[in-house]
Amino acid sequence: MPESVLFYLLSGLAVAASALVIGQRNPMYSVLLLIVSFAALAGLYIVLDAPFVAMAQMIIYAGAIMVLFLFVVMLLNAPQEDGAEWDRTHPLRRPGFARIGVVLAVLLVAELGWALAKVVSLGSPVGGRADGAVIGSVREMGRVLFTQYSFAFEATSVLILVAMVGAVVLARREGDA
Amino acid sequence: MDQALLRPAVIGLMIFIVFNALIIASAILVYAERKIMGFMQQRYGPYLVGPHGMMQPFADILKLLFKEELRPKGADKWLFTLAPVLAVVAAFAAFATVPFGAETTLFGLLDEPIKLGVADVNVGVLVVFAVTSMGVYGIVLAGWSSNSKYALFGGLRASAQMISYELSYATAIAAVILLAGSMSVREVVDSQTGFWLGFIPKWYIFLQPLGFIIYAIAGVAETNRAPFDFPEAEQELVAGFNTEYSSVRFALFPQAEYINMVTMSAVATDLYLGGWHFPFVPEYLGWLAFLAKVGFILFVYIWMRWTVPRYRYDQLMKFGWKYLFPASVINLLVTAAMVLYFNA
């Protein structure tokens with residue numbers, strides 16, 4: 001019973017904070033609300049008996065990545081977004097792009113619905129596997145990550161490397177050494 | 001007496017003691033810092049309030065309590081108030097999973113022995129790390145919400161410094177976790193009992209000398225202390241992130257900084273210096289050994305502040321990314337190989 005209370009409390013907080021992230025005019029508040037959302041997610045992981053994932057979430061997302069976000073927001077000193085001053089000539093505001101956006105949004109909702117339906121029909125206990133091993137433990141997670149899911153793991157790291165190289169290439173000005 | 005009632009009472013008492021000990025510790029550190037600085041500069045330091053000026057920190061805090069709270073006109077009302085609270089809450093909360101003594105029954109008062117420490121969780125090392133990394137938001141937000149260029153630069157520096165040194169810090173800790181085979185701080189401490197060759201205590205500082213140095217340097221940078229006190233850097237930024245703060249809101253920042261120093265030293269003691277284990281000290285006095293070790297590290301902290309000049313900002317970044325981080329990665333790889341070789 002306390003677990004389900006915590007679940008609704010934390011997931012409500014996560015959803016509310018995420019919704020407010022989009023609603024804010026001030027990017028600084030958006031970043032802070034995103035941190036609240038991440039913290040609520042970490043709380044959900046703890047409820048699901050995965051303290052390691054929860055702490056990784058706090059350290060990597062809420063701790064490191066969001067500090068970087070804050071850094072960038074502060075460095076650019078982004079002004080408050082004003083609806084009236086919004087650039088209507090921006091390429092993303094063209095009707096063609098809006099239509100693509102609508103299609104993508106519908107696709108996303110359909111996909112989410114499909115995934116949710118599948119999870120509900122499975123009805124499996126969360127946090128445990130069929131053989132009774134607890135996924136939340138660091139030992140078990142490391143083992144699974146480097147055996148069963150080693151391809152996905154390596155592919156993800158290559159993907160991140162590609163993104164990093166891409167960022168360096170894009171940020172490098174012509175003529176720099 | 002009823003054990004079912006006594007146990008929560010003892011745990012509640014422990015929370016109360018730890019909370020107040022941290023407050024007192026920051027008062028002692030204020031005094032110690034000024035006194036040690038005085039001796040290093042051939043002066044007496046605070047001398048007038050109380051015997052040998054011992055009441056000076058309390059006089060300081062009283063003075064700050066009665067000062068007017070100012071807020072710059074263009075400051076963000078909410079974040080300006082939230083920032084110092086955030087900093088100090090994170091500082092207090094981080095100590096929750098730091099154990100400071102062996103199991104005890106409090107001289108037979110309890111049937112089941114109780115662990116000295118507020119909470120013992122199986123990912124305790126990560127909890128300390130996660131909560132301390134929340135503390136930087138207090139500094140960054142203080143810098144941003146003040147609507148002042150000096151404060152903004154202080155906040156910017158704090159965030160960049162945090163990102164740069166957190167990596168080395170975590171990688172150094174990971175090597176200790178590998179050796180101990182556990183993420184619980186208590187289990188890491190307990191794996192350091194016993195002796196090599198009968199007289200060298202089995203502390204991880206002897207297995208991880210490089211790791212300890214990396215931890216210490218990154219720890220000083222994480223707590224924004226000299227020679228890495230860039231967010232404040234009074235010669236360049238007036239007072240950095242807390243330029244616009246006054247009264248109690250201002251007092252919370254040094255408070256958070258001193259508590260963070262205590263946490264950093266306590267974690268160093270637990271991970272590298274054998275925690276409450278010390279040769280020839282019986283286990284029930286272990287917490288005294290723990291306090292002595294923490295006190296020594298804190299003394300070195302202050303000693304360093306008044307001896308080593310501040311780095312330049314580009315030197316800080318260069319040192320962090322080009323030397324400290326590669327060294328910590330090599331340290332982790334060698335440790336992992338050694339653990340694999342000797343345990344296989």
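A residue is counted as buried if 20 or more other C-beta atoms lie within 10 Å of its own, with C-beta atoms placed from the backbone. That cut-off is applied here to a predicted model.

**Helix α8 of chain B**

By this criterion, the buried residues of α8(B) are Gly211(B), Phe212(B), Ile214(B), Tyr215(B), Ala216(B), Ile217(B), Ala218(B), Gly219(B), Val220(B), Ala221(B) and Glu222(B). Because 11 of the 14 residues of α8(B) are buried, the helix is largely enclosed by the rest of the structure.

Helix α8 of chain B covers residues 209-222. From first C-alpha to last, α8(B) reaches 20 Å, close to the 20 Å expected at 1.5 Å a residue. Just after α8(B) comes Asn224(B), which takes a positive phi of about 60°.

**Helices α5 and α12 of chain B**

Two packed helices are described by the angle between their axes and the distance between the axes. The crossing of α5(B) past α12(B) is left-handed. The residues of this contact comprise 17 nonpolar, eight polar and one charged.

Chain A contains six helices and zero strands, and its elements run α-α-α-α-α-α from the N terminus on. Of the 177 residues in chain A, 18% are buried. Among contacts in chain A between residues at least 6 apart in sequence, 52% join residues at least 24 apart.

The contact between the chains takes 15 residues from chain A and 21 residues from chain B. On the side of chain A that touches chain B, helix α3 of chain A (residues 51-76) supplies the largest share, 13 residues. That side of chain A divides into 14 nonpolar residues, one polar and no charged.

The residue classes of the two contacts are set out below.

| Contact of α5(B) with α12(B) | 17 residues | eight residues | one residue |

Terms used. Residues are numbered from 1 along each chain as its sequence is written. Chains are lettered from A and ligands numbered from 1 in the order in which they are written. This is a predicted model: local features need pLDDT of at least 70, side-chain atom pairs count only at pLDDT 80 or more; totals for chains, interfaces and linings use all residues. Two residues are in contact if their C-beta atoms, placed from the backbone, lie within 7 Å. Helices (H or I, at least four residues) and strands (E, at least two) are DSSP runs, numbered from the N terminus. Ala, Val, Leu, Ile, Met, Phe, Trp, Tyr, Cys and Pro count as nonpolar, Asp, Glu, Lys and Arg as charged, and the others, Gly among them, as polar. A residue is buried if 20 or more other C-beta atoms lie within 10 Å of its own, exposed if 12 or fewer, and partly exposed in between; C-beta atoms are placed from the backbone. A crossing is left-handed if the near helix is turned anticlockwise from the far one by less than a right angle, and right-handed if clockwise. The expected span of a helix is 1.5 Å times one less than its number of residues.
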